[in-house]
Amino acid sequence: MTKALVVLFWLLTSLFVLVLVTLPISQQTHLIAGTTVVIAMALLKAVKPTGVWRLIALALGTSIVLRYVYWRTTSTLPPINQPENFIVGLIVYLAEMYCVAMLALSLFVVATPLPSRVAPRLRDDELPSVDVFIPSYNEGAELLAGTLAAALGMDYPPDKLHVYLLDDGGTEQKRNSKDLQAAVEAQQRHARLKRLCEELGANYLTRARNEHAKAGNLNNGLAHSSSDIVVVFDADHAPARDFLHSTVGFFRDDPSLFMVQTPHFFLNPDPIERNLRTFQKMPSENEMFYGIIQRGLDKWNSSFFCGSAAALRRSALEATEGFKGRSITEDCETAMELHARGWHSIYVDKPLIAGLQPATFASFIGQRSRWAQGMVQILLFQRPFMKRGLKISQRLCYMSSILFWFFPLARLVFLVAPLFYLFFNLEIFVASGQEFLSYTLSYMLVNLMMQNYLYGSYRWPWISELYEYAQTLYLLPALASVIMHPTKPTFRVTAKDDSVQESRLSEIAWPLFAFFCVLIAGMGMTVFRLIEQPYKADVTLVVGMWNLLNVLLAGCALGVVSERGERQSSQRVRADRRCELILGDTVIPAMIENVSTNGAGISIVGAVKGLERESLLRIRFTPLSRLDGRPELPVVVRRVSAGAGSTTIGVRFQTSDPIHFRLVADLLYATSDRWTAFQAARRYNPGILRGTIWFYALALKQTVRGLIYLYRASVPARADSPVPQQRAGEPT
């Protein structure tokens with residue numbers, strides 16, 4: 001009875017809202033209503049931004065969005081007897097409706113996300129046995145050694161923890177390849193990694209053939225192991241000591257739980273963050289997904305496997321015959337299959353692993369192309385909107401995650417739509433400039449405010465638009481390919497150990513520069529039309545402003561593909577660990593200030609006699625992991641800087657023994673709290689006005705920087721000239 005009343009209430013409410021948004025009102029009345037809603041949302045944001053007041057504000061915003069949809073549908077489409085205008089106008093309309101649909105799905109998913117969960121702490125005798133899988137294909141031994149050492153250093157009973165390196169780069173198929181060089185490299189890799197695992201205390205596992213990519217590799221791991229829980233870490237995802245205690249406790253209380261997923265935290269910026277220099281002050285792009293969306297999905301039992309940093313129940317995986325591999329995004333496909341069979345998932349919003357992101361823009365695009373193609377494959381093969389076993393809420397959640405990847409189609413339409421009018425005089429909508437401004441400005445402002453309500457300090461204004469634009473021209477061919485040939489895409493490992501040693505333009509930068517020129521030409525056509533057709537000035541100004549916004553977005557993207565050179569080979573993180581430096585027979589108290597995979601920065605009180613570049617030292621500290629005694633880590637001094645009353649040195653690790661990798665992992669990965677603190681320091685909400693001003697100031701600077709890089713690339717370098725680097729005072 002209660003459920004029926006709730007359904008009736010929502011039906012009546014929906015009918016009432018539908019009547020309201022379809023009432024015939026004047027343009028002036030709509031403008032007043034829109035202004036009132038904007039003011040009310042702003043006041044609610046300032047006074048009561050959470051709870052039911054947050055939902056009221058979102059409902060007010062939704063009313064303006066629906067009013068805009070009604071106006072666009074009933075009043076603005078060109079006549080069908082003008083096919084050249086109607087077709088273009090309909091395309092723009094459909095792109096807008098896609099965005100409205102995605103907003104509706106977002107509201108459903110993240111209007112009231114769950115808070116992060118805390119796993120119950122179990123006694124050692126209650127803890128399940130755990131198999132840790134680290135799948136690898138072409139990653140180097142040093143990178144793998146760090147991840148293996150961190151996994152072995154997790155706080156867990158040693159007899160219940162089994163770490164496996166699943167090496168798909170040393171399979172029998174590769175070692176027996178007809179390509180002699182490839183076969184020799186595979187044999188050397190096989191021997192080197194097998195020896196590394198033996199020295200560290202991990203298990204080395206490979207297979208006969210490279211079949212079904214990562215999913216096949218993981219399934220081979222399942223076939224050769226037996227623990228209750230399976231934990232998956234990517235080759236570059238090193239866990240903190242508390243990973244298992246923060247996840248496995250959930251499995252005891254819920255026998256239908258198949259997975260506990262944790263966020264992916266990255267030590268290094270992605271190429272966009274690095275080139276725009278926003279990594280230290282603005283939340284990373286993935287934080288909106290892991291900080292908000294996954295918690296929203298968790299509310300509907302739809303948080304899905306992200307390929308790494310997750311614990312999974314073996315019996316659940318066995319029920320589906322292992323990891324699914326029909327698509328190239330085996331993680332989401334596997335989770336959806338298990339959700340459809342009635343299994344549950346949990347999301348823990350705490351960074352418990354530290355990984356690496358692609359360093360170059362080209363590898364970033366390669367990664368995103370794989371994600372986009374894999375999600376489209378799931379849509380075509382699995383049809384989540386009608387998959388048996390999924391609840392309606394789960395279908396909506398999966399469709400939200402999948403349909404997002406069609407953004408390049410809508411983004412391209414919004415980029416070229418103004419050009420249809422400016423260059424070809426095609427009417428993309430039927431309305432006066434005043435009507436368009438009245439309805440569209442209120443819609444855009446309300447949309448920005450709703451996004452600010454939903455994502456707040458996790459996503460600053462206009463950043464989503466920048467990331468989407470930067471990917472659009474490159475993902476369109478990937479989408480077209482998978483739609484026409486769904487089985488064609490193959491799994492490609494994202495390069496994580498590449499780097500940009502010298503400042504340069506990305507090798508795939510030219511499409512963004514070409515399109516920027518087209519948009520600049522659109523600005524010229526705006527001026528031309530204002531002069532030649534003053535009687536259409538209102539519409540021309542509106543369309544010209546639309547094109548100007550696109551120009552600013554495109555200009556900012558020029559900075560995205562202007563790759564900054566990196567001096568450091570690996571990212572440093574704060575350590576703040578007391579230690580002792582051993583120089584010959586001298587023991588020197590010191591502090592490890594920061595650490596990377598290759599070395600550390602150490603501060604010493606006062607001056608140290610005999611300490612100079614290339615000095616050989618040993619570092620001794622109390623490890624947090626379970627290591628016997630106080631082992632020492634050999635280092636070589638690379639830099640000495642004497643200050644007032646102190647000395648700072650930079651050292652490079654000399655990792656020649658397995659215990660050395662364990663010590664470096666202890667310094668770099670043992671404590672997850674530092675990752676939480678780093679994220680928290682970047683998470684603040686600049687607000688729509690301040691965020692917009694900041695973004696467009698950034699866009700202007702990056703436009704100039706991108707054009708400077710283009711000029712340098714176009715001028716032939718003299719043989720005796722140094723490679724151009726970033727200059728002091730150059731726009732950042």
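1. A residue is called buried here when its relative accessible area is under 20%, exposed when over 50%, and partly exposed in between, with a 1.4 Å probe and protein chains only. By that rule, buried residues make up 56% of the 732 residues in the chain.

2. The model is predicted, so that local features need pLDDT of at least 70 and side-chain atom pairs count only at pLDDT 80 or more, whereas totals for chains, interfaces and linings use all residues. Residues are numbered from 1 along each chain as its sequence is written, and side-chain values use heavy atoms, with hydrogens and water left out.

3. For 732 residues a compact globule would have a radius of gyration near 27 Å, and the 28 Å of this chain agrees with that; the radius is taken over C-alpha atoms, and the globule rule is 2.2 Å times the number of residues to the power 0.38.

4. The whole structure holds 27 aromatic pairs, that is, rings of Phe, Tyr and Trp (its six-membered ring) with centres within 6.5 Å, counted as stacked with planes under 30 degrees apart, edge-to-face over 60 and tilted for the rest. Y68 and Y443 form a stacked pair, 4.1 Å centre to centre with 5° between the planes, and this pair links helix 3 (residues 51-75) to helix 17 (residues 433-455) across 375 residues. Y68 counts as buried at 2% relative accessibility, as does Y443 at 9%.

5. The W371 and W405 pair is edge-to-face, because the ring centres lie 6.3 Å apart and the planes stand at 75°. W371 is partly exposed at 30% relative accessibility, while W405 is buried at 9%.

Notes: Helices (H or I, at least four residues) and strands (E, at least two) are DSSP runs, numbered from the N terminus.
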